[in-house]
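Subject: Structure handover

Hello,

Here is the structure we talked about, with my notes on it below. Please read them with the model open beside you.

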Amino acid sequence: MNKHISLICETLDDVRKKSPLVHNITNLVVTNVTANATLAAGASPVMAHAPEEVADMVGIASALVLNIGTLDVNLIDAMVKAGQAANHKNIPVLLDPVGAGATPLRTDSVMRIMKEVNINILRGNASEISIIGGYGGQVKGVDAVGSFEGLGDKVRETSQRLGTVVAVTGATDYISDGTRLARVYNGHKLLTHVTGTGCMASAVIGAFAAVQKDYFMATVAALSYYGAAAELAAQQAKGPGSFHVALFDSLYNLTPAALAGLVRVEIE
């Protein structure tokens with residue numbers, strides 16, 4: 001077993017052993033499924049968004065995941081408040097910029113959060129990250145549109161420019177910390193036929209970052225695990241509905257030892 005696969009499996013084992021509390025401020029569409037994905041991975045979710053309590057909740061959490069899927073101004077205020085509390089506590093903050101580029105409110109909200117909060121991990125689809133990175137892009141609702149040439153180079157350059165780990169999830173996942181670049185080949189096309197699977201991936205990354213302080217490797221490990229679980233789920237699914245249920249089961253049942261034989265990752 002090479003050192004990267006060993007670390008990926010060890011990180012999953014740490015999540016299971018430590019069951020870190022992951023504070024999610026997320027969107028109305030996916031609150032239940034992201035909480036369940038976090039539980040299935042072995043971590044503990046809390047879904048609190050009231051501005052009056054977010055800083056207190058961060059105080060007992062090990063990671064913070066911010067997701068702007070169904071945003072409003074008050075929610076963004078709460079995210080900034082929580083993010084600043086997380087920075088003060090020195091726990092990882094992940095931002096999922098759902099639909100960035102679709103409307104001025106979304107794009108401006110992402111830019112505000114990134115200006116006022118130190119984001120450790122930025123995870124989105126190719127359109128969202130291309131827009132944030134200044135490369136342009138097109139979003140249909142909250143989904144990526146079009147093809148993206150040289151995506152790995154763009155992810156690395158965006159990471160360098162923003163000073164944060166950047167992950168683009170898709171048929172191949174690209175992750176960079178500005179120096180290293182990883183390609184994760186695990187996953188299945190059924191992930192694109194169920195609402196919230198990207199948001200679930202973000203929550204799982206938050207759980208892994210809570211126990212692995214190399215946030216680049218935490219992200220690689222989480223997406224390898226999540227993609228491998230999707231592959232296993234697809235083997236028993238008849239369509240999107242049964243796949244969704246099977247995905248939770250696979251996340252729960254996938255062991256570090258089994259994961260070692262499923263990981264398909266390149267790191268340069």
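A residue is called buried under 20% relative accessible area, exposed over 50%, and partly exposed in between. At 26%, Asp177 therefore counts as partly exposed. Please keep in mind that this is a predicted model.

Salt bridges

How many salt bridges does the structure hold? There are nine. Asp177 takes part in one of them, with Arg180 as its partner, and the closest N and O atoms are 2.8 Å apart. Arg180 is partly exposed as well, with a relative accessible area of 28%.

Another salt bridge links Asp13 and Lys17, where the closest N and O atoms are 2.9 Å apart. Both residues belong to helix α1 (residues 3-18), and being four residues apart there puts about one helical turn between them. An α-helix has 3.6 residues a turn, so residues three or four places apart point the same way. Asp13 is partly exposed at 27% relative accessible area, while Lys17 counts as exposed at 64%.

A further pair is Arg112 and Asp77, with 2.7 Å between the closest N and O atoms. Arg112 has a relative accessible area of 29%, which makes it partly exposed. Asp77 is also partly exposed, at 31%. Through shared partners, salt bridges join Asp77, Arg112 and Glu116 into one network.

Helix α4 also holds Gly83. With a relative accessible area of 0%, Gly83 is buried. Which residues does Gly83 touch, not counting those up to four places away in sequence? They are Leu64, Val93 and Val117. From Gly83 to Met114 the distance is 9.7 Å, C-alpha to C-alpha, although 31 residues separate the two in sequence.

The sheet

Nine strands form an open sheet with mixed pairing, in the order β2-β1-β3-β4-β5-β8-β9-β10-β11. Its edge strands, β2 (44-47) and β11 (265-267), each pair on one side only. On average, neighbouring strands are turned by 15° against each other, direction ignored.

Strands β4 and β5 run parallel and are joined by two bridges. Leu94 has Ile121 in β5 as its bridge partner. Strands β9 (residues 173-176) and β10 (residues 181-184) run antiparallel, and four bridges join them. In that region, Ser176 stands opposite Leu181 of β10.

Are the residues of β5 buried or exposed? Ile121 and Arg123 point one way from the strand, Leu122 and Gly124 point the other way, and all of them are buried.

Helices lie across the sheet strands. Helix α7 (residues 151-162) lies across β5 (121-124), β8 (165-168), β9 and β10, at about 30° to β9. Helix α8 (residues 197-209) lies across β1 (21-25), β3 (63-67), β4 (93-96) and β5, at about 160° to β5.

Helix α9 covers residues 215-236, which is 22 residues. At 1.5 Å a residue it should span 32 Å, and its end C-alpha atoms are 32 Å apart, so the two values agree. Of its 22 residues, 19 are buried, so α9 is largely enclosed by the rest of the structure.

In soluble globular proteins, nonpolar side chains tend to be buried together. The largest nonpolar core in this model has 94 residues, and Ile113, Phe243 and Leu247 touch the most other members. Which element gives the largest share of this core? That is α9, with 15 residues.

Leaving aside neighbours within four places in sequence, Leu247 is in contact with Leu191, Met200, Tyr226, Ala229, Ala230 and Ala233.

Regards

Key: Residues numbered from 1 in each chain as written. Predicted model: local features only at pLDDT ≥ 70, side-chain atom pairs only at ≥ 80, totals over all residues. Heavy atoms only, no water. Expected span 1.5 Å × (residues − 1). Buried < 20%, exposed > 50% of the residue type's maximum accessible area, 1.4 Å probe, protein only. Core = buried A, V, L, I, M, F, W, Y, C linked by side-chain atoms within 4.5 Å. Contact = heavy atoms within 4.5 Å. Pairing = 2+ DSSP bridges. Axes fitted to C-alpha atoms, helices over the stretch in contact; angles between N-to-C directions. Salt bridge = Lys/Arg side-chain N within 4 Å of Asp/Glu carboxyl O.
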